[in-house]
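The exercises below ask you to read a protein model step by step. Try each task on your own before you turn to its solution.

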Amino acid sequence: MATHAVHTKPRRRIQFDQHLPVDHRLNTVYRIGAGLIGAFLVVFGVLGLINHIGFFNTGGATVAGLNTNGTLSVLSIVVGAILLVGMVLGGNVASTLNMVFGVLFLLNGFLFLGLLDTTSNFLAFKIQNVFFSFIVGLLLMTFGMYGRVGSTLPHDNPYWRARHPEGSRPEGHAPDQVR
């Protein structure tokens, strides 16, 4: 027969945006991640638009080794600009943007992996674009999650404290341990 613990207290939801001060040392990691990738995407998009590629052209136009068209160029500029704004704002905004866009890049990579060589490939993706999308997604997620998740977070980390409101306990003294 299955048994499970009865929780008497309501579960607290972690409010990530309230834990790190604006000048926290992790702020630099979030900003660098958002800024580097955002700047690359803006440059990629601008170079794509300069080449006057059609908006839904699925031909072989490349910029910086990646296949592109006008729609992908505009989308790259928009996403890059949002990441650059996140870099300027810094802190939790940059971290959250990095994580959200990281997941979106990964999902986009899987979507267009399935759409390669079909008529539905409206962003003109090739396999190198899919790899780029996966790599950028993983980088953005890494930059965004840095210092937020992990099994070895220090006990003074605000994210660790938010997940462990009871505070640190001595080894072997769990709160529900029977004596």
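**Exercise 1.** Work out in what order the elements of the protein chain follow one another, and how many helices and strands there are.

*Solution.* Starting at the N terminus, the elements of the protein chain run α-β-β-α-α-α-α. That order belongs to a chain with five helices and two strands, where helices (H or I, at least four residues) and strands (E, at least two) are DSSP runs numbered from the N terminus. The model is predicted, so that local features need pLDDT of at least 70 and side-chain atom pairs count only at pLDDT 80 or more, while totals for chains, interfaces and linings use all residues. Residues are numbered from 1 along each chain as its sequence is written, and side-chain values use heavy atoms, with hydrogens and water left out.

**Exercise 2.** Describe how helix 2 and helix 3 are placed relative to each other, and name the residues that make their contact.

*Solution.* Two packed helices are described by the angle between their axes and the distance between the axes. The axes of helix 2 (residues 70-89) and helix 3 come within 7 Å and cross at roughly 155°. Helix 2 is therefore roughly antiparallel to helix 3, a label for angles over 145 degrees. On the side of helix 2, the contact (heavy atoms within 4.5 Å) is made by Val79, Ile82, Leu83, Gly86 and Leu89; helix 3 contributes Gly91, Val93, Ala94, Leu97, Asn98, Phe101 and Phe105. Sorted by class, this contact of helix 2 with helix 3 has nine nonpolar, three polar and no charged residues, where Ala, Val, Leu, Ile, Met, Phe, Trp, Tyr, Cys and Pro count as nonpolar, Asp, Glu, Lys and Arg as charged, and the others, Gly among them, as polar.

**Exercise 3.** Decide whether Ser76 is buried or exposed, and find which residues Ser76 touches.

*Solution.* Ser76 lies in helix 2. Because its relative accessibility is 7%, Ser76 counts as buried, a term for values under 20%, with exposed meaning over 50%. Leaving aside residues up to four places away in sequence, Ser76 touches Leu41, Val42, Phe44 and Gly45. In the protein chain as a whole, buried residues make up 37% of the 179 residues.

Notes
Buried < 20%, exposed > 50% of the residue type's maximum accessible area, 1.4 Å probe, protein only. Axes fitted to C-alpha atoms, helices over the stretch in contact; angles between N-to-C directions. Parallel < 35°, antiparallel > 145°, perpendicular 65-115°, else oblique.
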